[in-house]
Amino acid sequence: MANVLRMLQDSDPALLTTIANAWNVKIDPRDRDGAVKRLAEAMLDRPRAEAFWDGLGDDKRSALQLLISNKGGMPESMYSRLFGEIRRMGAAQIERERPLEQPSGPAEALYYRGLIGIRYETTAAGPRSLLYVPPDLLDVLHVHKTLYDRLDEVEEDFEEDDDEALVL
């Protein structure tokens, strides 16, 4: 599987800008090499990646977990049946459709956030596209943090609120 840097190098300029917006990274689209390098560094920053993971909704985390549990990749046709199609858009369509704010499904939300990439392979049946999670991104994402971990945080907050409510 391709790493984050390779995935970004293979990406359309409009997709790079969208991913940079999702990660809150300022890039200069005219300097493609610099933009790719800066974005890859930001995405592989462990605290930033963990915060990004924590900000994902449960539907997106579940969709990503399935891909991870399948050795980090899966045929796009199979994945899209479960989590929706990924519309490949150019700059004008991205601006119009706003896939970060209004994705067609969890797969598209992950794609336009740079959490999954698309690569192609040739099989005996012909060419097919595969969705994958870059392995170096897996190393920094907090993928083992679950809803149960967040329940502990909520319980602590609830207990603090209860203590405050008892004091008159």
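Author: Start with a charge and a ring. The charged end of R61 sits over the ring of W53, 5.9 Å from the ring centre. Keep in mind that this is a predicted model.

Reader: What makes R61 count as sitting over the ring of W53?

Author: The distance is 5.9 Å. The cut-off is within 6 Å of the ring centre, and the charge must also lie within 35 degrees of the ring normal.

Reader: How many aromatic pairs does the structure hold?

Author: It holds 3 aromatic pairs. One of them is W23 with F52, 3.8 Å centre to centre and 5 degrees between the planes.

Reader: Why is the pair of W23 and F52 called stacked?

Author: Ring centres within 6.5 Å make a pair, and planes under 30 degrees apart count as stacked. W23 and F52 have 3.8 Å and 5 degrees, so the pair is stacked.

Reader: What does the pair of W23 and F52 tie together?

Author: W23 lies in the loop between α2 and α3, and F52 in helix α4, so the pair ties together parts that are 29 residues apart in sequence. Both W23 and F52 are buried, which means under 20% relative accessible area for each.

Reader: Why is the pair of Y111 and Y112 called edge-to-face?

Author: The planes of Y111 and Y112 are 85 degrees apart, with 5.0 Å centre to centre. Y111 is buried, and so is Y112.

Reader: Which element gives the most to the lining of the largest pocket?

Author: β2 does, with 4 residues. α2 also supplies at least two. By type, the lining divides into 11 nonpolar, 3 polar and 4 charged residues.

Reader: How do you know that β2 and β3 pair?

Author: Count the bridges. Pairing needs at least two. β2 and β3 have 7 and run antiparallel, so they pair. One of the bridges links G117 to Y132 in β3. A hairpin joins the two strands through 2 residues.

Reader: How many helices and strands are in the chain?

Author: There are 10 helices and 3 strands. Of the 168 residues in the chain, 41% are buried.

Note on methods. Residues numbered from 1 in each chain as written. Predicted model: local features only at pLDDT ≥ 70, side-chain atom pairs only at ≥ 80, totals over all residues. Heavy atoms only, no water. Phe/Tyr/Trp six-rings, centres within 6.5 Å; stacked < 30°, edge-to-face > 60°. Buried < 20%, exposed > 50% of the residue type's maximum accessible area, 1.4 Å probe, protein only. Nonpolar A, V, L, I, M, F, W, Y, C, P; charged D, E, K, R; others polar.
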